[in-house]
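I opened a structure that was new to me and kept notes as I went.

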Amino acid sequence: MTGSPGRQEAILRAVASAAELFLSSADWRAATDQVLAGLGKATEAGRAHIYSVQPVDGDILCTLAHEWVTEGVPPVIDSPREQDFPMREGGYGRWVDIMSDGNLLEGVRSEFPESERQFLEDEGILSVLVVPVFVEGKWWGWIGFDDTSVERRWSDAETEALRTAASALGAAIQRERMEKQRLNAEAKYRTLVEQLPSITYIASAGPDNATLYISPQLHDILGYSPAEWVKTRG
C-alpha cells in the first residue's frame with residue numbers, strides 16, 4: 001500500500017496544524033493529544049505516538065510518552081515494557097543507530113530483523129514509520145506511526161511532511177527549555193541582588209526613565225516600598 005494523493009494532502013494539512021499548535025502552545029505537551037489525533041487520522045494509521053529517549057549505562061532507554069489510537073486498536077502506553085525499554089539490549093540497536101544519525105526508519109514487520117519482529121507482532125504492528133526528533137542538536141526521541149491493518153509503504157512526500165512535524169516538536173521542546181533557563185537565571189539574579197546591602201534597580205531607556213524593577217532593600221534604606229517607588233514618578 002502506498003500513499004494516495006488524497007492522503008498526502010490530508011497529511012500536509014495535519015502537519016501544518018501540528019506545527020502551529022506546537023509553536024503557539026505555552027506547553028507543547030498540552031497540544032500532543034490534538035496533534036497526534038490529527039496526524040494519526042490523516043495518515044490512516046492505527047497508532048500514533050511520541051517516544052523520548054535517555055542514554056543510561058551504555059544503552060538507550062526509550063519511554064512511550066504520548067499515544068493516540070484509532071477505534072479498535074488497543075492502547076499500549078500503560079504496558080510496563082513501554083517505560084524505560086533498553087533499546088540495544090532489547091534488540092533495537094539498529095533503530096538507535098539510524099535515528100541518532102538523524103535518519104527516519106520505515107518498513108513492514110516481515111522484512112525487519114528477527115530481533116525486532118516479536119515486539120512489533122505483540123502490539124499488532126504490520127508496518128511502522130518513526131521520525132527522529134532533535135533538540136539542541138541532540139537526539140531527543142521520535143514521533144512514529146504504526147499501521148495495524150496493512151503492510152504500508154510510505155511515499156517520499158509523506159515522510160518529508162512528517163519530518164516537518166518532528167522538527168516542529170523539537171523546536172517547541174527547545175523553546176520550552178530556553179524559557180526555563182531564562183526564568184532560572186532571573187530567579188538567581190533576584191536572589192543575588194536582594195541579598196546585597198544596597199538598592200538595585202532596572203530603569204527603562206525611554207524618556208520617562210521609568211523604574212522597571214527595584215530591590216526590597218529600598219524600604220530599609222529610604223523608607224519606601226518597591227510598589228510605592230514604582231507608582232510614584234520622580
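The entries below cover the sheet, the helix on it and the cavity search.

Entry 1. I noted at the start that this is a predicted model.

Entry 2. I looked up the strand order. I found an open sheet of 6 strands, running β3-β2-β1-β6-β5-β4, with antiparallel pairing. At the edges I found β3 (85-86) and β4 (105-108), each of which pairs on one side only.

Entry 3. Strand β1 covers residues 47-56 and strand β2 covers residues 59-69; I counted 10 bridges between them, in the antiparallel sense. Within this pair, I saw that H49 stands opposite E67 of β2.

Entry 4. Which strands does helix α2 touch? I found that α2 (residues 28-43) packs on the sheet and touches β1, β2 and β6 (138-147). I noted an angle of about 70° between the direction of α2 and that of β2.

Entry 5. I turned to empty space. A probe the size of a water molecule, rolled over the atoms, shows where such space is left. Searching the whole structure, I got 1 cavity of 30 Å³ or more. The volume of the largest cavity is about 190 Å³.

Entry 6. I listed what surrounds the largest cavity. The lining has 20 residues, and Y51, Y92, W95, F119 and W142 lie nearest the centre. I sorted the lining by class and got 14 nonpolar, 1 polar and 5 charged residues. At least two lining residues come from each of β1, β2, α4 (114-122), β5 (127-135) and β6.

How values were computed:
Residues are numbered from 1 along each chain as its sequence is written. This is a predicted model: local features need pLDDT of at least 70, side-chain atom pairs count only at pLDDT 80 or more; totals for chains, interfaces and linings use all residues. Side-chain values use heavy atoms; hydrogens and water are left out. Two strands pair if DSSP finds at least two bridges between them. Helices (H or I, at least four residues) and strands (E, at least two) are DSSP runs, numbered from the N terminus. Contact means heavy atoms within 4.5 Å. Axes are lines fitted to C-alpha atoms, for helices over the stretch in contact, and angles run from 0 to 180 degrees between N-to-C directions. On a 1 Å grid over the protein atoms alone, a cavity is a set of points where a 1.4 Å probe fits but cannot get out, and a pocket is an open set with protein on both sides within 12 Å along at least five of seven lines; lining residues have an atom within 4 Å of a point. Grid points are joined across faces, edges and corners, and a volume is the space filled by probe spheres set on the points. Ala, Val, Leu, Ile, Met, Phe, Trp, Tyr, Cys and Pro count as nonpolar, Asp, Glu, Lys and Arg as charged, and the others, Gly among them, as polar.
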